[in-house]
Structure formats: structure tokens, C-alpha cells
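Open the model in your viewer and keep the sequence panel beside it. The stops below say what to select and what is there.

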Amino acid sequence: MADYRARLTRALSEFGDPLAAAMPRIGNIQVRSFADALAAIKGSGLPVTRLQMRYDSSTTISSMTVDLASEDFEALASDDLALYQKVPNQSEGTVSGAIAGRIKRTDPEFNDLVSNINTKIIFKDEEGTGADRMMSGRLKTGLDALAESVSSQWAGVKLRVTEAWDEDNEHSGESLHYEGRAADITTYPVDGAKLGRLGRLAVEAGLDWVYFEDSAHIHVSVTK
Ligand SMILES: [Ca+2]
Ligand SMILES: [Zn+2]
């Protein structure tokens, strides 16, 4: 009995249950079942949002209720990027390198950009010019890898690019978008709750600098 009581007290205290400090005298089998149940919950790896016990008397548990967090909480508990997080946690210029100059269609540097026609990526192309597909070879390599991991992570979900190379001066002055070395991404279908995981997948896909820029998109960039 003492052994089970100690196990239960320890299990309860791990959940921060105040009952651990004032253990009721409950039956041997109940204590064992309860301790095993708590161990199983802990083993599931899911956070517990509620733990409630009811007693018929000082020696009998009448019910025990445990609410586990949803899988959304499981995602939050992982290494997903948080809003405004940068990986690595340095300035973009330090990691990806400063822009040399804005590339226009008429510049020779434009010929160094590639058009990404990967069918596993949805390109927003709201400009209707194909600019969203234009990018450096390194950015294409990273996004192509990311597209694979996105479809592996979520069935029926694709990587979506809303901006890559920009010729419409829609970004801040020194933005790497102007050199085709940056992209703004989401999932498709668009789901803000997936952005934190998307950011981590982008890091793992080899994109050099990943920034959870706002609640609507992830910004990524690469070195030259
Ligand atoms: Ca666009
Ligand atoms: Zn951007």
C-alpha cells in the first residue's frame, strides 16, 4: 500500500494536483489503477488540461476525469516557430547577405533567375506575370525540398508561394525579394495554424533564413 500511495502521490504531484499533499485513504487496487492511468497519460506525451477526481468517501474514488490537449497543443509544444521568430536568430543581412541591387527584367542578372514550375507548389501569381515563380537557383532548391516535406506533413496540403522575385517595388528598400532570393509562403489551403510548423519545415528544408514575419505568412531567404 505504501508503495502505491507513493506512486500515486508522485504521479499527482507531477500534474501539480493539490491532492498530492493530502492523499485520501483509498483502496489498494484503485490507487494502482489510478497511478497506472496517470503513467499512461504521461506516456502519451499530450499535455493535460484538466485532472479531476471525485470521491464517494475518504476511501473510494467515484470518478476520475482527464482532459488531454488537442493535437494543436501538441504542435505548440514542439519546435514550431513562434510568431516573429527568426531562424537563425540573426538579421537577414547577416545570414543571407545584403542585396546588390534590384533586378529588372532587362538586366543581365535576370537571366540567372529560374522559373519554378514545380506542380507541387501553388503560386499565387496575383500579378499575372509569373513573377512569383522567378527565383534564384538556391531558392528553388529550398522551396522544392520544402514542397516535398509539406505534402508529407499534411495529406492534401501544398506549399503556396505568394511572392518570390518582385518587380513591382512592393517590399521594403533592400528586400531580397528584388534579387529573387526571398519568398513569402503559406500552405494551400491557407491555414494560419499551420504556419509555425511550416516555418520549422522550411528550416529543415535548408532555407537559410526563416522568419515568421506576421500571422499571415512565413518569409524565407537564401544566400547567393
Ligand atoms: Ca505575388
Ligand atoms: Zn517576404
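Among contacts in the protein chain between residues at least 6 apart in sequence, what percentage join residues at least 24 apart? The value is 63%, where a contact means heavy atoms within 4.5 Å.

This is a predicted model, in which local features need pLDDT of at least 70 and side-chain atom pairs count only at pLDDT 80 or more, while totals for chains, interfaces and linings use all residues. Residues are numbered from 1 along each chain as its sequence is written, chains are lettered from A and ligands numbered from 1 in the order in which they are written, and side-chain values use heavy atoms, leaving out hydrogens and water.

**Stop 1: the whole chain**

Show the protein chain as a cartoon. Of its 224 residues, 42% count as buried, that is, under 20% relative accessible area with a 1.4 Å probe, protein chains only; exposed means over 50%, and partly exposed is in between. Switch to a surface: the chain exposes about 11,600 Å², and carbon and sulfur atoms supply 51% of that area. Such areas come from the Shrake-Rupley method with a 1.4 Å probe, and for residues only the protein chains shown count as cover.

**Stop 2**

Strands of a sheet pair through backbone hydrogen bonds, either parallel or antiparallel.

Strand 5 pairs with strand 7 in the parallel sense over 3 bridges, and Phe123 has Val161 of strand 7 as its bridge partner.

**Stop 2: strand 10**

Now select strand 10. Which way do its residues point? His217, His219 and Ser221 point one way, Ile218 and Val220 the other, and all are buried. On one pairing, strand 8 runs antiparallel to strand 10 with 4 bridges; Ile185 has Ile218 as its bridge partner. Strand 9 (residues 209–214) is also antiparallel to strand 10, again with 4 bridges, and a hairpin of 2 residues joins the two. Tyr211 is the bridge partner of His219.

**Stop 3**

**Stop 4: the zinc ion**

Select ligand 2. His177 (NE2), Asp184 (OD) and His219 (ND1) coordinate this zinc ion at 1.9 to 2.1 Å. Asp184 in strand 8 (residues 182–188) and His219 in strand 10 (residues 217–221) are 35 residues apart, so to speak a link between distant parts of the chain. Both Asp184 and His219 are buried.

**Stop 5: the calcium ion**

Select ligand 1. Its protein donors lie 2.2 to 2.9 Å away and include Glu126 (OE), Asp132 (OD) and Thr162 (O). Donors are N, O and S atoms within 2.8 Å of the metal (3.2 Å for Na, K and Ca); water is not among the atoms, so sites may look incomplete.

Terms used: Two strands pair if DSSP finds at least two bridges between them.
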